[in-house]
Amino acid sequence: MTTREQFIGVIGKALGRADTPANPAPFHWRHSVHTNVMSGWSRDDLARAFIEYSKAIGVRVFESTGDTLNATIRKAVEECVSGPVIVANDALLKELDTATALEAGRAVRVWNSGGSVESNVRFAEKAAVGIAVAEKALAESATVLLFSHNGCGRSVTLLPESVIYVVPESRICPRLTQGMAYLRRNKETLPSSVNFVSGPSATSDIELVPVVGVHGPSHVTHIVVHDI
Amino acid sequence: MGIKTSSLGLKHRIKKNLSDSFMRASIANAQDRINRKRADCYAELGHFEKWRDLAMDIRSHVLDYLDYYLEQFTDSAQKAGAAVHFAKDDREAVELAKTIFLQKKAKKAVKTKSMVTEEIGLNEALEEIGIEILETDLGEYLLQLDGKDKPSHIVIPALHKDRRRIREVLAQKAGYKGDVTPEAMTRFVRGILRDAFLSADVAVSGCNFAVAETGTIALMTNEGNGRFITGIPKTLITFMGMERVVPTFEELDILFSMLARSSVGVRTSVYMSLITGPRGKADLDGPEELHIIIIDNGRSNVLAGSFKDVLRCIRCGTCMLECPAYRHVGGHGYGVLYPGPLGAALVTELAGYEEHKDVTEICSLCGACNDVCPVKIPLVESILEHRRIIAEDKRLAGWMKDAVYSQYGRVIGNSAYYASASRLARLANHAPRIGPLKEWTKARELPKIPAERFRDWFAGRKRKEAGS
């Protein structure tokens, strides 16, 4: 089998050198078109753009404040199909004790709050609704940035038929440019799985007809929290 | 599957695909719709040329320092806990995969759509050792179910199939009893694939991009199978063409932004999954093992040669959606894994002129692809240069073309021959429509050559003027 040295050596040879350069010049950005998108927009402008495009891509939107967040989440859950709810073990949702607030009439479980690994995944698989908090959100494309880790497993936002993302308004930034810069700033502590998610799972593979809910959640809700 | 997807010769492939009226209507519809969406999407974004400059610069920069960035990527991925393997060709790549499957005693695998795994013939190799490998992209799943049919587009693989054919296949092969609507059939497949995700021993993915600074694999999907593949099975094997690297997340922004817009005309894909190593120590889900297999398979030859720019490709499929030749013959007309202008520019480099020289002929050199390529690959110039190499350097154009063009060159390069030939040219009006002329005149009129040459008419006119 080819070793790393042999493999890289062939590439170096193709590039006309014997040794890999120790420190090449960093990439030179000759334009700044990407940083100019939505540049100078206010927090309110970005929230409006995020909400508007969320609706355009088939996402249900609720607006809330911190005080009314649990009531808004409850309302959003009620609009989803009936069934169990899996809630991310997130600081904000813990502080609000969202899981307890949802318990009336539904089985609710907080991810990784006990039980075996399998039982957590099994619960998420049977859950009708998953609830998580966005790490960041992108106004241009109505995208939420999700970190998956021990407090919010990949299953929480993937296996249920419906998923609700809580989006603190202060976390909405213009576009992917700021989202990627955020990841780079936090590169030393990134979790193994990071996802940018924009709306429900979708396909156009049969005669280019748009269909939602191929593998992942069919219904997505964004709750924008204006004062957080 | 490998690079070659058809054993038919060029003429037979073209004839077969030209007579497929559903496929042709479907491709035309896809081109018209997606091209319009893409144009709207870029118009809304603004500064298309500057975005293209950035995307081109990033890809060129990475290729110029590919050895450095692959070293950096490997170190970062290993630091994050991934096992990184290197394969100089398709044979080594499938051997590495087989070894991992055997070590894991795996029997079932799920897979995302990935051109590089098609290129190395992964599915066939795994099936030979008794592994059941299931495609999970809806289009690819439908092709697999339909007797391993071949993709006709690199982003929308089942573009050539209509809903009735799909229903028939689902009914015969998977027991589907529902109606013919895409919604019902998609729902049915969701159930099958959900079970497969949850029971698979190993997941297999491709890699849109790889971030050197962090050792991150970046996958872009709309259906969500990329998230399932990287989220549920305990072992993940990612196959990566060696040129897929970007320096940092910041350059990834530009390429993702262009890929979503260019491939299907949207601001972003539904899912962008960024995987850095296997699951964390305290995580409850995600792969326990991540293997990354980096593949050369001819790419280093391309890097060393005059077609290096083609390696900038981000596999968006835009060039084929703009191509008038692709519009008529579809992906299958090319008989290779990478169709369209990309295929015409790349395939002979990866797999040789001898077997694939005819792919370069499916191009009118109109240049539409050059104008839309998000990384500014000089596709037309590359295809033209391939044709020159085939005719002049490799002498592979065939004796008839060789004879015709060498005679043509002799005539056009000598004034006496040219004068005689141009006087006799009008005899061509009476030439029988046989051989190449028969093919050529099937769809167009042969221009009638006037009895009098222009130069004779012009000289006569001058004489008349002088005499009057």
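How many residues does the contact take from chain B and from chain A? It takes 78 residues from chain B and 63 residues from chain A. On the side of chain B that touches chain A, helix H12 (residues 249–264) of chain B gives the most, with 8 residues. Sorted by class, that side of chain B has 34 nonpolar, 21 polar and 23 charged residues.

Keep in mind that this is a predicted model. Its scores are ipTM 0.96 and pTM 0.93. Chain B has an average pLDDT of 93, and 100% of the residues score at least 70.

Strand E9 (residues 193–197) of chain A and strand E9 (residues 271–275) of chain B run antiparallel, joined by 5 bridges. B:Ala210 stands opposite B:Val245 in E8(B).

Turn to chain A as a whole. It has 8 helices and 12 strands. Its C-alpha trace spans about 70 × 45 × 45 Å along the principal axes. Of the 228 residues in chain A, 53% are buried. Take the contacts in chain A with a separation of 6 or more: 73% of them come from residues 24 or more positions apart.

One strand of chain A shows burial well. Strand E4 (residues 129–133) of chain A is mostly covered, with 5 of its 5 residues buried. A:Val129, A:Ile131 and A:Val133 point one way, while A:Gly130 and A:Ala132 point the other way. What lies beside E4(A)? Strand E2 (residues 85–87) of chain A runs parallel to E4(A), and 3 bridges join the two. Here A:Ile86 stands opposite A:Gly130. E4(A) also pairs in the parallel sense with strand E7 (residues 162–168) of chain A, over 5 bridges. In that pairing, A:Ala132 has A:Tyr165 as its bridge partner.

Back in chain B, pick out helix H5 (residues 90–103). It has 14 residues and reaches 20 Å from its first C-alpha to its last. That is close to the 20 Å expected at 1.5 Å a residue. Which residues of H5(B) are buried? They are B:Asp90, B:Glu92, B:Ala93, B:Val94, B:Leu96, B:Ala97 and B:Phe101. Their cover includes helices and strands of chain B, among them strand E1 (83–87), helix H6 (115–119) and strand E10 (289–295). Just after H5(B) comes B:Lys105, with a positive phi of about 55°.

Finally, step back to see chain B by its domains. Domain 1 covers 10–300 and domain 2 covers 399–467. Taken over C-alpha atoms, the centres of domain 1 and domain 2 of chain B are separated by 52 Å.

Note on methods: Residues numbered from 1 in each chain as written. Chains lettered and ligands numbered in written order. Predicted model: local features only at pLDDT ≥ 70, side-chain atom pairs only at ≥ 80, totals over all residues. Contact = placed C-beta atoms within 7 Å. Helix = DSSP H or I, 4+ residues; strand = E, 2+ residues; numbered from the N terminus. Nonpolar A, V, L, I, M, F, W, Y, C, P; charged D, E, K, R; others polar. Pairing = 2+ DSSP bridges. Expected span 1.5 Å × (residues − 1). Buried ≥ 20, exposed ≤ 12 C-beta atoms within 10 Å, placed from the backbone. pLDDT = per-residue confidence, 0-100. Domains from an automatic or database assignment.
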